[in-house]
Amino acid sequence: MANYIVLVKQVPDVSQITDNAFDPVTGTLMRSRLASVINELDTQALATANHMKAISGDSAAKIICLTMGPPMAQEVLRYGLARCADAAVLLTDRALGGADTWATANPLSFAIQKIARDMFKNEKDYFVITGMQSVDGDTAQVPGQVAEELAAPCVAYVTDAQFKDGRFEFSRIISGGSEVAALRHRPAVITVAKYEHPLFATFGRSRWANRTELIRWSSEDIKATSIGASGSRTAVIRVFPPGKSKRKCQKIDSAADLAEVIRKSFAKGNSQAGEVSEAGPGYVLPDNRPSSLERNFEGLSKDVDDFAFLCEKLRQLGVSAPSQIDDYLKQKIISESGNRLHRKSLEDMLDGLSIAKPSYDGDVWVVAEHSDGRVHPATFELVGKARKLADCLQRQVGVVLAGLGLKEMTQELIWAGADNVYVSEHKLLEQFDPTAFRKIIADCILKYKPQIVLFAATPQGRMLAPMVSYRCQCGLTADCTGLEIRDRTRLGQIAILLQTRPALGGNVMATITTKNSICQMATARPGVMKRLAEDRTRKGKIIEHKVELTEDDLSLEIIRTEKGLGQARLDSKVIVSGGKGMQNRDNYDRLLGVLCSSLRSGLNTTVEKGASRAAVEQGFAERIVQVGQTGTSIGPKLYIAVGISGAIQHMIGVSNTETIVAINSDPSAPIFRQCDYYIVATAEEAIPQLVEAFEKD
Ligand SMILES: Cc1cc2nc3c(=O)[nH]c(=O)nc-3n(C[C@H](O)[C@H](O)[C@H](O)COP(=O)(O)OP(=O)(O)OC[C@H]3O[C@@H](n4cnc5c(N)ncnc54)[C@H](O)[C@@H]3O)c2cc1C
């Protein structure tokens with residue numbers, strides 16, 4: 001008999017952001033000003049657990065809801081009880097506050113094990129079901145880290161579950177398509193990406209949920225090993241508002257004007273493509289700077305200013321070594337600084353000035369992703385980024401490549417910027433299995449000890465990285481859009497990796513550093529970092545990393561994989577994509593067909609059709625033409641999105657486009673805030689008019 005533990009989280013309601021939620025001075029979104037709601041994907045996790053219980057036919061199975069948070073988080077437990085949960089556990093304690101994903105996954109895992117002991121009679125046959133990610137953190141890390149702590153397999157991005165021949169089969173999203181898989185071991189962690197059958201609460205059940213006593217545990221009750229800020233392996237060092245989109249977001253009122261704008265921007269080109277957020281000058285190690293008093297590579301601008309002031313004072317005083325500063329000189333510097341420095345901060349800065357050795361040792365690594373004998377484009381982008389970071393640190397670039405039949409790919413990785421490729425070949429690695437891959441990659445990291453490890457923030461990378469990082473006891477930052485080497489000299493941290501990422505649904509940016517870890521790990525968003533031009537003269541080493549693997553190391557039995565077949569010309573200069581808003585296959589074929597031929601002759605260029613994932617799932621288009629995070633990332637001169645809402649997973653795939661045009665009937669469609677030109681109209685209205693306007697000129 002299987003039981004279910006559903007992890008739910010209370011999050012700020014980022015769909016209802018009012019103007020007064022922003023700090024008037026810093027422009028940063030203030031989380032405390034937002035209402036609290038249950039994380040939307042966790043409601044789908046609850047519905048999935050309920051569905052699994054129903055289809056298994058096991059009415060005695062228990063569903064337990066678990067959350068970690070302040071006392072007010074009990075509201076999300078009552079939500080769960082009112083829908084399907086039999087009992088609810090609130091893990092609440094001040095000591096648990098301020099935790100990163102590591103120090104969240106750790107106590108949650110200990111609470112899960114206590115639930116299994118106390119409520120399931122130590123029975124191992126249970127599923128931990130969670131939403132794929134929460135809207136505040138957006139990291140998708142906690143489920144993978146929980147799986148690692150429980151030594152359990154993890155099936156990520158699940159969209160449906162079937163019960164066949166006495167076991168569950170899970171449909172899930174993978175790069176390039178979808179897959180149906182069953183589990184080889186229990187307990188197991190399931191993360192839900194989409195489950196479209198909402199659960200509603202009845203009046204009677206809501207009354208029961210409100211009267212039911214919640215089980216409350218403190219950190220003492222669960223005996224977790226890493227909790228709160230002190231148990232965390234990452235620290236947020238700064239939060240700031242996101243830069244304004246570089247896209248023009250200009251509304252166009254008529255199809256004739258839109259035709260004109262398309263013609264002009266296609267002829268002119270647009271320099272706003274590829275919103276790469278790499279900032280600042282290239283980093284120079286302290287030993288390579290002209291003077292030990294040069295500290296202008298600090299991570300925070302306040303520190304740059306403070307060190308500029310202090311170092312100038314030291315120069316004026318003719319002091320070259322901080323040890324020459326006695327109490328009298330310290331007092332003099334403090335009084336001349338106005339309010340800038342006090343004694344403790346001055347002493348920290350002086351101590352920091354005597355440190356030149358980087359805080360981490362080792363090379364910069366990328367974990368390669370590949371399928372069907374081809375390296376994923378995001379891996380090449382990361383190798384380009386790793387090359388830049390490694391050059392700053394005067395280190396080498398390593399790439400870990402695990403799988404079967406890898407030979408051809410090693411050469412390409414070296415041409416793309418790698419110095420060393422660590423190759424693990426094994427027949428059990430023919431298909432991607434998260435548990436087997438994480439074992440090999442973690443083993444390789446622990447053996448060769450790189451200082452930085454980067455993964456692509458693809459579905460595969462976002463599942464693998466949390467497991468690897470937890471296994472290596474390292475902090476991890478998800479979905480970075482900026483990576484740079486900087487110092488935090490006053491903390492004695494030299495040449496550390498600053499990891500910048502969007503949070504709270506893209507409403508704030510946060511810069512994060514790693515702590516209490518042997519190396520710094522991050523996943524980086526595809527399409528943001530730049531691939532280097534291929535250099536076929538580059539030479540590199542191939543290092544064989546031998547692994548012991550048995551069938552027991554596999555966690556999944558892959559039943560079916562559906563991937564796009566054939567060829568798509570998504571490298572054309574113009575791509576016209578249709579989404580779910582095309583309504584049906586006939587519209588998709590006919591309307592986009594006439595628009596493509598009109599653009600082909602009007603602009604005298606190559607034009608092809610693409611599609612959103614939803615359009616593919618509806619059967620409007622073949623899988624091979626899907627654009628986005630799990631389809632193809634494209635960078636045409638012109639991208640026209642028709643009936644596409646602008647989900648992040650779609651827009652990631654078009655971030656390198658020069659000009660984006662959107663046609664959508666919803667005046668508040670999110671894509672209008674991420675494109676250059678848009679028209680509010682249905683596809684059925686706008687396309688014939690646009691074609692007519694093109695043909696007139
Ligand atoms: C792990 C993961 C990976 C994913 N990978 C991808 C990916 O690679 N690519 C991708 O695209 N998605 C991906 N998705 C799915 C993504 O989250 C969205 O669900 C998807 O992009 C939505 O597609 P859509 O915009 O066509 O549909 P919807 O979001 O349903 O939007 C349809 C739009 O059409 C508009 N519309 C309706 N009628 C009309 C009309 N008559 N004329 C004009 N407009 C109309 C509506 O206003 C709406 O904005 C992924 C999701 C997950 C969880």
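Which residue in E18 is the bridge partner of Gly403? In this predicted model, that partner is Glu425.

Zooming out, E17 and E18 sit within an open sheet of 7 strands, ordered E20-E24-E19-E14-E17-E18-E25 and paired in parallel. At its edges are strand E20 (476-480) and strand E25 (541-544), each of which pairs on one side only. Going from neighbour to neighbour, the strands of this sheet are turned by 25° against each other on average, with direction ignored. Helix H11 (residues 377-393) touches strand E14 (364-367), E17, strand E19 (452-456) and strand E24 (520-524), and its direction makes about 170° with that of E14. Helix H14 (residues 459-471) also packs on the sheet, touching E14, E19, E20 and E24, with its direction at about 150° to that of E19.

There is another open sheet to look at, this one built from 6 strands in the order E13-E31-E30-E29-E27-E28, with parallel pairing. Strand E13 (250-251) and strand E28 (607-611) each have a single partner strand, so one side of each goes without a neighbour in the sheet. Inside the order, strand E27 (residues 574-578) pairs with strand E29 (residues 638-642) in the parallel sense through 5 bridges, and Ile575 stands opposite Tyr639 in E29. Helix H15 (residues 585-603) packs on this sheet, where it touches E27, E28 and E29; its direction makes about 150° with that of E28.

Then there is the ligand. It is surrounded by 30 residues, the closest being Lys580, Ser612, Thr630, Ser645 and Asn664. Sorted by class, that shell holds 10 nonpolar, 16 polar and 4 charged residues. Several polar side chains come within contact range of ligand atoms. A polar side-chain atom of Ser612 lies 2.5 Å from an oxygen atom of the ligand, while for Gln649 the distance from a polar side-chain atom to a ligand oxygen atom is 2.8 Å. For Gln583, a side-chain N or O atom is 2.9 Å from a nitrogen atom of the ligand. Taken alone, the ligand exposes 980 Å², of which the protein buries 82%. As for which elements contribute, those giving two or more residues to the shell are helix H16 (613-617), helix H17 (648-651) and helix H18 (683-696).

How values were computed: Residues numbered from 1 in each chain as written. Predicted model: local features only at pLDDT ≥ 70, side-chain atom pairs only at ≥ 80, totals over all residues. Heavy atoms only, no water. Pairing = 2+ DSSP bridges. Helix = DSSP H or I, 4+ residues; strand = E, 2+ residues; numbered from the N terminus. Contact = heavy atoms within 4.5 Å. Axes fitted to C-alpha atoms, helices over the stretch in contact; angles between N-to-C directions. Near = heavy atom within 4 Å. Polar contact = N/O pair within 3.5 Å; in protein donor to acceptor, adjacent residues only side chain to side chain. Areas by Shrake-Rupley, 256 points an atom, 1.4 Å probe, with all protein chains shown as cover. Nonpolar A, V, L, I, M, F, W, Y, C, P; charged D, E, K, R; others polar.
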